[in-house]
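Here's a quick briefing to keep beside you while you look through the fold.

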Amino acid sequence: DDIVLPSGFTIEKYVSSSEYPLFLHPREIHASYYNGATIIYVGSNPGRYIDERAYVYALVDYESDGINDAVFNLYQTTTTNEAPTIIVNDNEQILYFADITSDIYKCTNIHEQ
C-alpha cells in the first residue's frame with residue numbers, strides 16, 4: 001500500500017506485525033526515553049485473531065537509533081481479549097495498566113527492568 005504524505009514527511013515501519021503477531025491491533029502506545037534508550041510500551045488487542053488474550057509489551061531501542069533491539073512481554077491477560085489501557089509516569093518510572101475487570105495494576109521501576 002502506498003501512503004501519501006505532505007512534502008517533507010517520511011514514514012517507515014518500525015516493527016512488523018508479521019514478525020511479532022501479538023502486536024496485532026495495538027490499543028495503546030507510549031514512548032519513553034531513559035538513559036539513552038527509547039522504550040515504546042504497547043498495549044495490544046489481538047483478540048480472536050491470535051489467542052483471545054491481550055498483552056503489554058516494551059519495545060526497546062537501546063541506542064535510540066530508530067531500530068528496535070528487543071521486545072519484552074510485560075503482562076498478558078489469562079482469559080480475556082480486551083486490551084489493557086496503559087499509562088506511564090516517566091518521572092516516577094511507573095507503568096499503570098487496566099484490564100477488562102477494571103482492576104488497575106502498577107509496575108514500578110519500569111524503565112530499569
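What share of the 113 residues in the protein chain is buried? Buried residues account for 33% of them. Keep in mind that this is a predicted model, with no helices and seven strands in the protein chain.

**Overall make-up**
- Going along the sequence, you'll read the pattern β-β-β-β-β-β-β.

**Surface and contacts**
- The protein chain exposes about 7400 Å², and carbon and sulfur atoms supply 48% of that area.
- Take the contacts in the protein chain between residues at least 6 apart in sequence: 38% of these join residues at least 24 apart.

**The β5-β6-β7 sheet**
- Three strands make an open sheet here, in the order β5-β6-β7, and the pairing is antiparallel.
- Its edge strands are β5, covering 85–89, and β7, covering 104–108; each of these pairs on one side only.
- On average, neighbouring strands of this sheet are turned by 20 degrees against each other, ignoring direction.

**Zooming in on β5 and β6**
- How many bridges join β5 to β6? There are five, and the two strands run antiparallel.
- Strand β6 spans residues 94–98.

Definitions and conventions:
Residues numbered from 1 in each chain as written. Predicted model: local features only at pLDDT ≥ 70, side-chain atom pairs only at ≥ 80, totals over all residues. Heavy atoms only, no water. Helix = DSSP H or I, 4+ residues; strand = E, 2+ residues; numbered from the N terminus. Buried < 20%, exposed > 50% of the residue type's maximum accessible area, 1.4 Å probe, protein only. Contact = heavy atoms within 4.5 Å. Areas by Shrake-Rupley, 256 points an atom, 1.4 Å probe, with all protein chains shown as cover. Pairing = 2+ DSSP bridges. Axes fitted to C-alpha atoms, helices over the stretch in contact; angles between N-to-C directions.
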